[in-house]
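Hi,

Here is the structure I promised to pass on to you. Have a look at it first, and my notes on its aromatic rings follow below.

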Amino acid sequence: MREQLNFFRANGYCVVPEALSADELAVLNAAIDRDREQYPQLWQHRGEGGRYQSAALLLSSRAFDAVIRHPAVFGLVEELMGGELCFEELSAMVRQPQAQDPPQAVWHRDTGHWPDHPLALRNLSLVYYLTAVDAASHCFAVVPETVAQKRCELAAPDPQRAVELYGKAGTAIIFNAGSGHAGVVKKTQRERRTIHIYYGHRRLPPMSDHTVVPRRLVEGGDEAAQRFYGRPNLATALALENF
């Protein structure tokens with residue numbers, strides 16, 4: 001973990017190989033297949049070369065609960081974020097095969113930085129590769145930045161400095177959500193699947209209302225779990241209050 005922490009401080013991201021086992025991958029991919037078949041209306045077609053995404057998976061399946069605080073990565077997440085860590089959002093994404101020339105990558109930052117944090121981390125993002133990713137497939141790419149750079153005025157991400165991240169199915173990528181990044185679409189016959197999780201700080205406002213967190217997570221578990229899920233976004237708070 002120490003090596004990963006040091007790499008994150010220098011670059012704003014790190015990679016955890018083999019975070020998910022083959023059995024876990026089978027369960028998650030089967031859950032995505034089932035969800036897309038049963039609830040296709042919850043999978044938004046986002047464009048960008050056949051990108052489909054759902055942020056409602058926690059409502060339709062319990063299969064995704066375990067990856068939020070997975071032991072292979074959660075200790076690192078806690079170390080990076082600090083003691084006020086809380087859950088923000090979960091979604092799954094499917095990028096379909098691309099037969100035509102791919103669209104240009106959309107480089108962006110999901111959030112700003114938080115200068116008061118030792119690593120300037122307002123929000124932390126975790127991406128799981130559910131399929132193998134290499135130079136011939138759609139991939140995730142990030143622009144490395146030091147903590148000092150993140151304390152300066154935000155500039156547009158520089159794609160020339162971006163690093164494409166490859167890995168076997170089960171690889172986890174942890175990065176500062178304020179870092180410049182993009183999904184790089186390739187001309188390929190292979191589908192890419194990912195899970196995207198965001199973490200925040202309890203003292204800060206929610207970053208989005210995309211994910212409604214079910215009562216089993218907000219009110220279940222031990223004291224640490226209840227603190228972790230205990231700062232709901234508006235959509236979750238209204239659901240808990242009225243249903």
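F7 is partly exposed, with a relative accessible area of 38%, whereas Y13 is buried at 6% (buried is under 20% relative accessible area, exposed over 50% and partly exposed in between, with a 1.4 Å probe and protein chains only). Please keep in mind that this is a predicted model, where local features need pLDDT of at least 70, side-chain atom pairs count only at pLDDT 80 or more, and totals for chains, interfaces and linings use all residues. Residues are numbered from 1 along each chain as its sequence is written, and side-chain values use heavy atoms, leaving out hydrogens and water.

I counted rings of Phe, Tyr and Trp (its six-membered ring) as a pair if their centres lie within 6.5 Å, with planes under 30 degrees apart called stacked, over 60 edge-to-face and the rest tilted. By this rule there are eight aromatic pairs. F7 and Y13 have ring centres 5.3 Å apart and planes at 85°, so they are edge-to-face.

The rings of F87 and F228 are tilted, because their planes stand at 55°, with the centres 6.2 Å apart. This pair ties together parts 141 residues apart in sequence, since F87 lies in strand 4 (residues 85–95) and F228 in helix 8 (residues 223–228); helices (H or I, at least four residues) and strands (E, at least two) are DSSP runs, numbered from the N terminus. Both F87 and F228 are buried. Ring pairs also link them with F74, Y199 and Y229 into a cluster.

Best wishes
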